Amino acid sequence: MGVTGSVAAYKTVALVKDLSRFAEVRVVLTDAGARMVPEKLLAQASGHAVGRTLFKGFKPIAADTPSGSHPLSFVPHIEYARSSDLVLIAPASADFLAKMAFGLGDDLLSTICLYATCPVWVAPAMNQHMWAHPAVAQNQKTLRRRGVRFLGPESGHLACGEVGEGRFVEPAEIVGQVREVFASFQSWKGRRVLVTAGGTQEPIDPVRMITNHSSGKMGYALAQAALNRGARVTLISAPVRIAAPQGAKLVAVRTAAQMRGQTLKAAQEADVILMAAAVADYRVAEPSALKIKKKSESLTLRLQKNPDILAELLVRRKKGQVLAGFCAETDHLEKNASLKWRKKPVDLLIANQVGRPGTGFESDRNELLVFSRWRAKPVRLARDFKSRLASRVLDLIEEGWGTG
Ligand code: PMT
């Protein structure tokens with residue numbers, strides 16, 4: 001929760017107390033906000049130290065620091081933003097809305113807003129003429145377009161004695177809205193979700209293998225999104241370099257054959273299956289037990305087709321089980337994905353372009369084209385963080401709940 005320099009800031013102590021009854025609240029106070037409400041009261045209300053500065057624990061690099069070494073162990077804005085389910089700026093001053101609209105990042109709260117991949121809400125509070133100023137109106141429009149949600153302001157008596165639009169929305173209303181969105185985080189409670197992730201590794205010999213560029217990020221984001229909604233998650237993962245989401249049951253595999261075995265077993269218990277892994281289509285038919293020696297100028301490996309796990313799941317599918325497959329293409333995404341969907345009519349086929357930077361493999365962001373059994377036309381999910389896209393994919397799955 002960000003508290004900025006608006007006179008309504010005095011209301012935030014009670015608000016923080018109320019939110020803390022069902023949420024873990026971390027308050028970040030701007031310099032202007034600190035002139036309105038004592039940091040100590042907010043710390044007492046939330047039970048946590050209040051974030052005040054971007055440079056906490058930061059020491060300038062010493063002259064003898066070796067190049068390439070990293071002087072920071074804790075980066076406050078990243079830690080705050082990464083661990084939040086919701087960023088709520090209440091109250092949000094005209095100045096802070098302008099900062100957000102322009103994408104400034106000169107203090108802790110504005111940099112958190114730049115990083116935040118979770119929803120960002122603002123509850124503005126200011127004089128009516130300030131609220132009506134074309135610059136503020138323009139900033140509001142910009143932020144709304146970017147997906148920032150506005151709570152209020154309301155019309156009524158303002159702190160300055162005037163009457164008009166600009167009043168801080170009732171704290172009880174904010175508490176209600178936050179409570180509702182937090183309850184929706186539990187909308188998958190009781191559901192068992194199986195996610196596959198990462199690129200399988202097919203051995204050539206004990207030191208070499210065939211694999212692909214999958215980092216596991218897309219699959220892990222889906223697992224995290226399902227956990228956020230209260231689901232029980234099993235994550236079957238080929239080797240990756242990222243940490244598994246806390247709370248997921250991690251099943252580590254290496255080869256496509258191992259992934260197949262574990263996936264078919266876990267699928268019996270799953271309500272939703274999300275196949276984000278990049279499974280090798282071929283394995284080396286006879287991997288060598290010993291390291292292959294560099295003798296001849298060329299070397300031929302005979303490859304054997306791997307079973308298609310998704311196709312097998314489609315045949316064995318339990319009633320009511322939702323099955324989502326991915327489709328990675330380097331070209332003609334829509335055409336190729338549509339063909340694949342016809343061949344494997346899963347509930348959701350989530351297509352993405354691979355082979356170019358900034359999307360698909362390895363990137364934190366992606367762009368998806370989702371073919372859904374519950375939609376007449378494919379849904380295009382514009383380039384965004386994989387975490388946000390994962391949540392949108394779950395929304396699309398929810399559309400099918402109860403439709404059989
Ligand atoms: O891991 P990241 O770096 O975040 O990258 C994400 C991703 C690009 C790997 C991911 O978004 C993705 O597209 N995963 C599927 C990759 C893939 O194998 O696509 P495909 O079109 O070859 O396969 C189609 C579907 O069949 C996939 O759901 C795949 O898991 C499944 N499959 C494929 C082969 C096989 N033998 N068995 C399978 O079940």
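This is a predicted model: local features need pLDDT of at least 70, side-chain atom pairs count only at pLDDT 80 or more; totals for chains, interfaces and linings use all residues.
Let me start with Pro153, which lies in the loop between strand E5 (149-150) and strand E6 (154-157), where helices (H or I, at least four residues) and strands (E, at least two) are DSSP runs numbered from the N terminus. The peptide bond that joins Gly152 to Pro153 is cis, with omega about 5°. Residues are numbered from 1 along each chain as its sequence is written, and side-chain values use heavy atoms, with hydrogens and water left out.

A cis bond also leads from Ala90 to Pro91, with omega near -5°, and Pro91 is found in strand E3 (residues 87-92). His332, in the loop between E16 and helix H13 (333-343), has a positive phi of about 40° although it is not a glycine. For background, most residues other than glycine have a negative phi, and most peptide bonds are trans.

Now to the ligand. Which residues come nearest to the ligand? Of the 28 residues around it, they are Ser214, Ser215, Lys340, Asn352 and Glu362, where near means that a heavy atom of the residue lies within 4 Å. Among the polar contacts (pairs of N or O atoms within 3.5 Å; within protein, one must be able to donate a hydrogen and the other to accept it, and residues adjacent in sequence count only if both atoms are side-chain atoms), a polar side-chain atom of Asn352 lies 2.5 Å from a ligand oxygen, and one of Ser214 lies 2.6 Å from a ligand oxygen. Taken alone the ligand exposes 780 Å², of which the protein buries 95%, by the Shrake-Rupley method with a 1.4 Å probe.

Helix H10 (217-228), helix H12 (309-316) and strand E16 (322-329) each supply at least two residues of the shell, and E16 gives the most, with four.

Finally, the whole structure has 24 salt bridges, each a side-chain nitrogen of Lys or Arg within 4 Å of a carboxyl oxygen of Asp or Glu. One of them joins Asp271 and Arg192 at 3.3 Å, N to O. This pair links distant parts of the chain, 79 residues apart, with Asp271 in the loop between helix H11 (256-267) and strand E13 (272-275) and Arg192 in strand E8 (residues 192-197).
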